[in-house]
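Please look over the sequence and the 3D view before reading the points below.

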Amino acid sequence: MKSLKYLIAFALIVFTSSSVAQSKIGYVDSDTIMDQLTEAQDARQQLDTYIQEWQSDLKKMENEWKSKYDDYEKRKLIMSDQNRAELESELIKLEQSIGEFREKKFGTNGELFQKQDELMKPVQNKVFTVIKEVAVSEDLDFVLDRSGGVLLLYAKEKYDITNLVIEKLKRAQ
């Protein structure tokens, strides 16, 4: 619904401005740009390393909980009430610890989100700057990203500036 509002607003701008003068519209595929940009690949690789490390830690914690739970299940009938209560309390604490770890690393404002922002923001800023430079040099009125939320129903290939942006980014490296 939100992208429909943007499309309607965009269409109004284009049609209004086209009555005054012809608008030049360019588009990019930011996914393609990011796939071909070494800095973005490096950032993704770093993020993958963090994710693998955190998932490994989480798996260890879950295995520890499972092992203690299985042991508890086997022995709970022969345990004293005090031992059973202590073990149950320990299992609950471990379960809470696993949940807290998961939230801390992978939650909405977790370390993954922060690392992604830290590593990808400079790359995204660089790409945006180059897109803007190409748009100015090509005298474009609008540049759309077809890999984002904007719906692009039709575009002539001649307005695709993705390769120009990639070339300029590669020359800058």
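**Note on the aromatic pairs**

1. F106 counts as partly exposed, at 28% relative accessibility, where partly exposed lies between buried (under 20% relative accessible area) and exposed (over 50%), computed with a 1.4 Å probe on protein chains only. This is a predicted model, in which local features need pLDDT of at least 70 and side-chain atom pairs count only at pLDDT 80 or more, while totals for chains, interfaces and linings use all residues. Residues are numbered from 1 along each chain as its sequence is written, and side-chain values use heavy atoms, with hydrogens and water left out.

2. The structure holds four aromatic pairs, a pair being two rings of Phe, Tyr or Trp (its six-membered ring) with centres within 6.5 Å, called stacked if the planes are under 30 degrees apart, edge-to-face if over 60 and tilted for the rest. One of them joins W54 and F106 edge-to-face, at 6.1 Å centre to centre and with 85° between the planes. This pair links distant parts of the chain, since W54 belongs to helix α3 (residues 38-75) and F106 to helix α4 (residues 81-106), 52 residues apart; helices here are DSSP runs (H or I, at least four residues), numbered from the N terminus.

3. W54 is buried, with a relative accessible area of 4%. Together with Y50 and F106, W54 forms one aromatic cluster.

4. W65 and Y69 form a stacked pair, with 5.1 Å centre to centre and 5° between the planes. Both residues lie in helix α3, four residues apart, which is about one turn of the helix. W65 is partly exposed at 23% relative accessibility, and Y69 is also partly exposed, at 31%.

Key:
Helices (H or I, at least four residues) and strands (E, at least two) are DSSP runs, numbered from the N terminus.
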